[in-house]
Amino acid sequence: DRLRAIFQASPLPIVCIELDGTVKLWNRAAEVVFGWTEDEVVRRLLPFVPEDKMGEFHALLAQARKGSLNGVEVRRRRKDGSPVDISIWTSPLSDQKGNAACIMAFISDITDRKRAEEEIHKHEEYLRVALAASNMAVFNQDLDLRYTWMYQPQLGYTTEQVIGKRDAELLPPDLAQQATDLKRRVLETGVGTRGEVEGKLNDKRICYDLVVEPLRNTAGQIVGITGIEYHSQEAHD
């Protein structure tokens, strides 16, 4: 019939699940994502739930019987055993008496997105390790040159002490002026630059490289700066 034709033509995997967790309907998109045909799964428990995830599955099923699941992300498996990350939305269907009769589950394959997120997380971990082993501080500042984010601040400051402040509130006038002039140049020209900041702080002679780039929003407008401080030397006079 027409409804079944629409169900089968959906580009998203759709599964109709009985209240006991067995499959009532399984469309072609579900077959493409998971590998099982409708004949292989109907009247059986969802095949893509691994044994060690059955507890989680029954907890979600109980929740779906009472209401809806909205974008719940879980890892399941394909017929060939490979993992697949999915996001699930559900809606309970009621009979003529208003009692829950079955559950419609709409599924999105998010495997590629999750892999990309894992790669980003891995690279972030590598970066954190590299920064921790160096004398580098990484930061963002807004158009008013107030710090909005700082990783691994140097010169004895904590992140909490830096956020919301300008260089003039953290450094002696000479050092602050050098850093501020360089940063304002980037805001005015939109071109990244690199310079050296040198002077005295707490009776110590310090010298660090400052690399600054414009920070832009999705529309390409400059909303601040991002930069790196590399503290190569710190010595007493």
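**Close-up 1. Arginine 76 and glutamate 56 form a salt bridge, with 2.7 Å between the closest N and O atoms.** A salt bridge here is a side-chain nitrogen of Lys or Arg within 4 Å of a carboxyl oxygen of Asp or Glu. The model is a predicted one, in which local features need pLDDT of at least 70 and side-chain atom pairs count only at pLDDT 80 or more, while totals for chains, interfaces and linings use all residues. Residues are numbered from 1 along each chain as its sequence is written, and side-chain values use heavy atoms, without hydrogens and water. Arginine 76 belongs to strand β3 (residues 70-77) and glutamate 56 to helix α4 (residues 54-66), so the bridge ties together parts that are 20 residues apart in sequence. Helices (H or I, at least four residues) and strands (E, at least two) are DSSP runs, numbered from the N terminus. Arginine 76 is buried, at 4% relative accessible area, whereas glutamate 56 is partly exposed, at 34%. Buried stands for under 20% relative accessible area and exposed for over 50%, with partly exposed in between (1.4 Å probe, protein chains only).

**Close-up 2. Lysine 114 and glutamate 73 meet through their side chains in a salt bridge of 3.3 Å, N to O.** Lysine 114 lies in helix α5 (residues 111-132) and glutamate 73 in strand β3, so this pair ties together parts that are 41 residues apart in sequence. Glutamate 73 is partly exposed, with a relative accessible area of 38%. The structure holds 15 salt bridges.

**Close-up 3. Arginine 146 forms a salt bridge with aspartate 144, the closest N and O atoms being 3.4 Å apart.** Both residues count as partly exposed, arginine 146 at 27% relative accessibility and aspartate 144 at 35%. Elsewhere, salt bridges with shared partners join Glu73, Arg113, Lys114 and Glu117 into one network.

**Close-up 4. Aspartate 209 sits in strand β9 (residues 204-216).** Aspartate 209 is buried, with a relative accessible area of 18%. Its side chain makes a polar contact of 3.3 Å with the side chain of arginine 194. A polar contact is a pair of N or O atoms within 3.5 Å; within protein, one must be able to donate a hydrogen and the other to accept it, and residues adjacent in sequence count only if both atoms are side-chain atoms. Leaving aside residues up to four places away in sequence, aspartate 209 touches Arg194, Gly195, Glu196, Ile228, Glu229 and Tyr230, where contact means heavy atoms within 4.5 Å.

**Close-up 5. Helix α7 (residues 173-189) spans 24 Å from its first C-alpha to its last.** This is close to the 24 Å expected for its 17 residues at 1.5 Å a residue, the expected span being 1.5 Å times one less than the number of residues. Leu175, Ala176, Ala179, Thr180, Leu182, Lys183, Val186 and Leu187 are the buried residues of α7. They cover an arc of only 165 degrees around the axis, which puts them on the same side of α7; the arc is that of the directions from the helix axis to the C-beta atoms. Pro173 and Glu188, on the other side of α7, are exposed. Glycine 190 follows α7 and has a positive phi, near 75 degrees.

**Close-up 6. Ring pairs link Trp26, Phe34 and Phe48 into a cluster.** Rings of Phe, Tyr and Trp (its six-membered ring) pair if their centres lie within 6.5 Å; planes under 30 degrees apart count as stacked, over 60 as edge-to-face and the rest as tilted. The count by this rule is four aromatic pairs. The rings of tryptophan 26 and phenylalanine 34 have centres 5.8 Å apart and planes at 45 degrees, so the pair is tilted. Tryptophan 26 and phenylalanine 34 are both buried.
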